[in-house]
Amino acid sequence: MESMPHILDFDQWTHHHKDMMLISGPCSAESEEQLRATAQALVATGKLDVLRAGVWKPRTRPHAFEGHGEKALQWLSAIKKEMQIPVAVEVAQPKHIELALQYGIDMLWIGARTTVNPFSIQALADALEGTQTTVLVKNPTHPEIGLWIGALERFYAAGIRQLMAVHRGFHSYRPSAYRNMPLWEIPIELKRRFPKLPILVDPSHICGRRDTIAAVAQQAMDLGMDGLMIESHYQPHTALTDAKQQLTPKDLDTLISSLKIRRHQLDLDTDYLAQTRLQIDKLDNELIQLLAQRLKIVEDIGRYKQAHNIPVYQVDRWRHIIKNRLQEGKNQGVEEEFLLKLLQLIHKASIQRQTNL
Ligand code: PEP
Ligand code: MN
């Protein structure tokens with residue numbers, strides 16, 4: 001897929017914003033009434049491109065609500081016709097695909113727990129072969145970009161061309177303000193490798209709580225992501241799944257209206273951008289030259305250490321470097337977390353130079 005030639009017919013899906021796709025709807029289809037009331041309110045906002053609802057729910061433990069399955073597909077199919085809105089569900093097994101297609105579901109998404117498993121993905125890709133279905137691939141639960149790309153490639157190899165990625169954050173064992181860490185560098189890298197692949201962001205599953213969804217949605221837009229998938233429910237507090245992270249259609253409407261959506265085409269002050277980018281190019285080259293010089297000196301010291309039987313790694317020296325550089329970083333207004341990571345990378349490369357002499 002490195003040379004993925006396709007361009008998804010994105011405009012087909014984005015009726016309301018030229019540059020942004022909005023998918024919304026409940027985490028789970030709980031009843032026909034819940035689904036219809038939510039869908040009606042969402043459609044009334046005039047901002048909805050696709051209605052989502054989970055009908056098979058991947059629950060962590062058994063005996064929890066696992067979705068209404070085929071019955072819910074009937075509700076979705078009726079609402080689709082009544083309200084003239086495309087609909088999307090999560091599929092995790094070939095049987096789900098068969099049923100979803102039978103009921104005319106327009107878009108299928110692959111959940112994070114499925115993307116981690118190449119056997120499951122291959123089975124789904126095989127089931128889709130020969131269809132022209134639109135498939136959204138959520139990132140795997142843990143931050144491994146290769147698995148995400150691998151899943152996209154399996155669908156691509158099965159002839160699926162209407163592909164999109166959904167960034168829903170990554171599990172972290174550390175306590176965090178997020179339910180799933182955004183780790184924006186991963187979707188940014190995915191976009192670098194596949195510039196034509198649309199990436200939607202799912203702030204609901206990133207945040208796990210209502211009050212931070214707007215900020216993450218804005219971040220997604222600032223980073224040039226192509227759309228949003230946000231969970232909504234006509235009575236969020238009563239939701240059977242993900243109650244804490246669903247918005248009312250009204251709050252979703254307000255949120256979307258308040259977003260600043262940046263234009264994808266840079267036709268503004270191109271002179272200013274070009275000039276400033278030249279400065280950045282120059283600085284980056286200087287940084288690389290400085291790094292090369294530093295590594296060269298490190299190598300000289302390495303030879304000296306080798307000749308005098310001194311260990312490569314000197315903990316006192318390293319502690320001094322960290323303390324001193326972080327202080328300088330603070331003086332210069334460089335973020336400590338970033339600088340520390342950078343210093344660790346440089347230190348690692350230096351040790352490698354000295355041990356590979
Ligand atoms: C969902 O969209 O409701 C869902 C289960 O998402 P994820 O696979 O991202 O956890
Ligand atoms: Mn959910």
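Is D242 buried, partly exposed or exposed? D242 is partly exposed, because its relative accessible area is 21% (buried means under 20% relative accessible area, exposed over 50%, partly exposed in between, with a 1.4 Å probe and protein chains only).

## Basis of the model

This is a predicted model, in which local features need pLDDT of at least 70 and side-chain atom pairs count only at pLDDT 80 or more, while totals for chains, interfaces and linings use all residues. Residues are numbered from 1 along each chain as its sequence is written, chains are lettered from A and ligands numbered from 1 in the order in which they are written, and side-chain values use heavy atoms, with hydrogens and water left out.

## Overall fold

The protein chain has 357 residues, of which 45% count as buried. Its secondary structure comes to 13 helices and eight strands (DSSP runs numbered from the N terminus: helices are H or I with at least four residues, strands are E with at least two). The C-alpha trace spans about 80 × 45 × 40 Å along its principal axes.

## The manganese site

Four residues coordinate the manganese ion (ligand 2): C27 through SG, H205 through NE2, E231 through OE and D242 through OD, at 2.1 to 2.4 Å. Donors here are N, O and S atoms within 2.8 Å of the metal (3.2 Å for Na, K and Ca); water is not among the atoms, so sites may look incomplete. In sequence, the spacing of the donor residues is C-x177-H-x25-E-x10-D. E231 belongs to strand β8 (residues 227–231) and D242 to the loop between β8 and α10 (249–258), so the pair ties together parts that are 11 residues apart in sequence. E231 counts as buried because its relative accessibility is 0%.

The residues around ligand 1 are C27, R52, K57, E90, W109, G111, A112, R113, K138, R168, H205 and E231; a residue is included if one of its heavy atoms lies within 4 Å. By class, this shell has three nonpolar, two polar and seven charged residues (Ala, Val, Leu, Ile, Met, Phe, Trp, Tyr, Cys and Pro count as nonpolar, Asp, Glu, Lys and Arg as charged, and the others, Gly among them, as polar).

Oxygen atoms of ligand 1 take part in polar contacts, meaning pairs of N or O atoms within 3.5 Å; within protein, one must be able to donate a hydrogen and the other to accept it, and residues adjacent in sequence count only if both atoms are side-chain atoms. A polar backbone atom of A112 is 2.8 Å from a ligand 1 oxygen. For R113, a polar side-chain atom lies 3.1 Å from an oxygen of ligand 1, and for K138 an N or O atom of the side chain is 2.8 Å from one. Taken alone, ligand 1 exposes 290 Å², and the protein buries 97% of that (accessible areas come from the Shrake-Rupley method with a 1.4 Å probe; for residues, only the protein chains shown count as cover).

R52 stands opposite A88 in β3. Strand β3 (residues 87–90) is covered on both faces, with V87 and V89 buried on one side and A88 and E90 buried on the other.

T115 lies in helix α4 (residues 112–115) and is buried, with a relative accessible area of 1%. A polar atom of the T115 side chain lies 2.8 Å from the backbone oxygen of K138. Q34, in helix α1 (residues 32–44), is buried at 2% relative accessibility. The Q34 side chain reaches the backbone oxygen of S28 at 2.9 Å.

Note on methods:
Two strands pair if DSSP finds at least two bridges between them.
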